[in-house]
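Biologist: I'm new to this one. Can you put it up and walk me through it?

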Amino acid sequence: MDYISQREQIVLEYLDQNGISYQVYHHPEGKTIIEAKQWWRNDGSVHCKNIFLRNHKGDQHYLVCFDCEHDLDIHDLEQRLKAELIAHGENSPGKLSFASPERMERYLGLEPGSVSPFGLINDKQQHVILFLDENLQKASSLSFHPNDCRGTVVISKQMFEQYLSIKGNRYRYMSLYECR
């Protein structure tokens with residue numbers, strides 16, 4: 001399966017142009033974690049789940065990434081993000097909700113089922129704030145869709161952080177859930 005979509009091509013070219021090492025493999029469509037798990041390789045990476053949220057006014061958007069083996073309570077996440085933003089002198093997001101497919105397309109150039117931090121490539125205004133679960137810092141490598149749910153990019157944590165540094169969107173690691 002060697003089909004590469006235009007969205008994936010943009011990601012791979014961006015990574016290549018910026019000297020960021022990665023591995024990519026293709027598989028049948030996996031728009032949800034449950035669907036995608038059957039196609040993921042046992043490559044030692046932490047497979048990430050990504051959700052795209054908006055604040056109550058709709059004027060700020062947040063991308064949240066965490067280990068796919070965990071679930072998030074949206075109300076708990078809302079409280080954690082509020083506390084984190086206020087602690088850093090930023091405005092409270094108020095009530096959070098999932099961003100619409102139209103907002104996802106506008107800010108990340110993506111459609112539902114293909115959300116990943118690589119969507120930040122399309123965020124030319126660096127509008128979206130990225131929150132990563134602090135437990136991802138312990139991973140040697142991470143995996144995400146390459147903006148297309150028919151592929152997986154495996155990238156070392158070091159190379160991923162280099163990507164984030166080059167891209168320039170605000171991001172931070174924080175506790176997104178209680179480990180059990």
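Biologist: What should the 14 residues of helix 3 span at 1.5 Å a residue, and how far apart are its end C-alpha atoms?
Modeller: Helix 3 (residues 74-87) should span 20 Å, and its end C-alpha atoms are 20 Å apart, which agrees. The expected span is 1.5 Å times one less than the number of residues. Helices (H or I, at least four residues) and strands (E, at least two) are DSSP runs, numbered from the N terminus.

Biologist: What am I looking at, and how are residues numbered?
Modeller: This is a predicted model, where local features need pLDDT of at least 70, side-chain atom pairs count only at pLDDT 80 or more, and totals for chains, interfaces and linings use all residues. Residues are numbered from 1 along each chain as its sequence is written, and side-chain values use heavy atoms, with hydrogens and water left out.

Biologist: Back to helix 3. Which of its residues are buried?
Modeller: Leu77, Glu78, Arg80, Leu81, Glu84 and Leu85. Buried means under 20% relative accessible area, exposed over 50%, partly exposed in between (1.4 Å probe, protein chains only).

Biologist: What do they pack against?
Modeller: Strand 2, strand 3, strand 5 and strand 8 (171-174). Contact here means heavy atoms within 4.5 Å.

Biologist: And what follows helix 3?
Modeller: Glycine 89, with a positive phi near 75 degrees.

Biologist: Let's switch to strand 3. How many of its residues are buried?
Modeller: Seven of its seven, across residues 61-67.

Biologist: How does strand 2 run against it?
Modeller: Strand 2 (residues 46-54) and strand 3 run antiparallel, joined by seven bridges. Two strands pair if DSSP finds at least two bridges between them. Arginine 54 stands opposite histidine 61. The hairpin has six residues between the strands, and glycine 58 takes a positive phi near 80 degrees there.

Biologist: In which sense do strand 3 and strand 5 pair?
Modeller: Parallel, over four bridges, with strand 5 covering residues 129-133.

Biologist: New topic. How many aromatic pairs are there?
Modeller: Eight. Rings of Phe, Tyr and Trp (its six-membered ring) pair if their centres lie within 6.5 Å; planes under 30 degrees apart count as stacked, over 60 as edge-to-face and the rest as tilted.

Biologist: Where do phenylalanine 118 and tyrosine 163 sit in the chain?
Modeller: Phenylalanine 118 is in the loop between helix 4 (101-108) and strand 5, and tyrosine 163 is in helix 5 (residues 157-167), 45 residues apart. Phenylalanine 118 is buried at 0% relative accessible area. Tyrosine 163 is buried at 0% too. Tyr14, Phe118, Phe144, Phe160 and Tyr163 form one aromatic cluster.

Biologist: How many salt bridges does a search of the whole structure find?
Modeller: Nine. Each is a side-chain nitrogen of Lys or Arg within 4 Å of a carboxyl oxygen of Asp or Glu. Arginine 7 forms one with glutamate 111, the closest N and O atoms being 3.3 Å apart. Arginine 7 lies in helix 1 (residues 6-17) and glutamate 111 in the loop between helix 4 and strand 5, so the pair ties together parts 104 residues apart in sequence.

Biologist: What about arginine 172 and glutamate 90?
Modeller: Their side chains meet in a salt bridge, 3.0 Å from N to O. Arginine 172 is in strand 8 and glutamate 90 in the loop between helix 3 and strand 4 (97-98), 82 residues apart. Arginine 172 counts as buried, at 15% relative accessibility.
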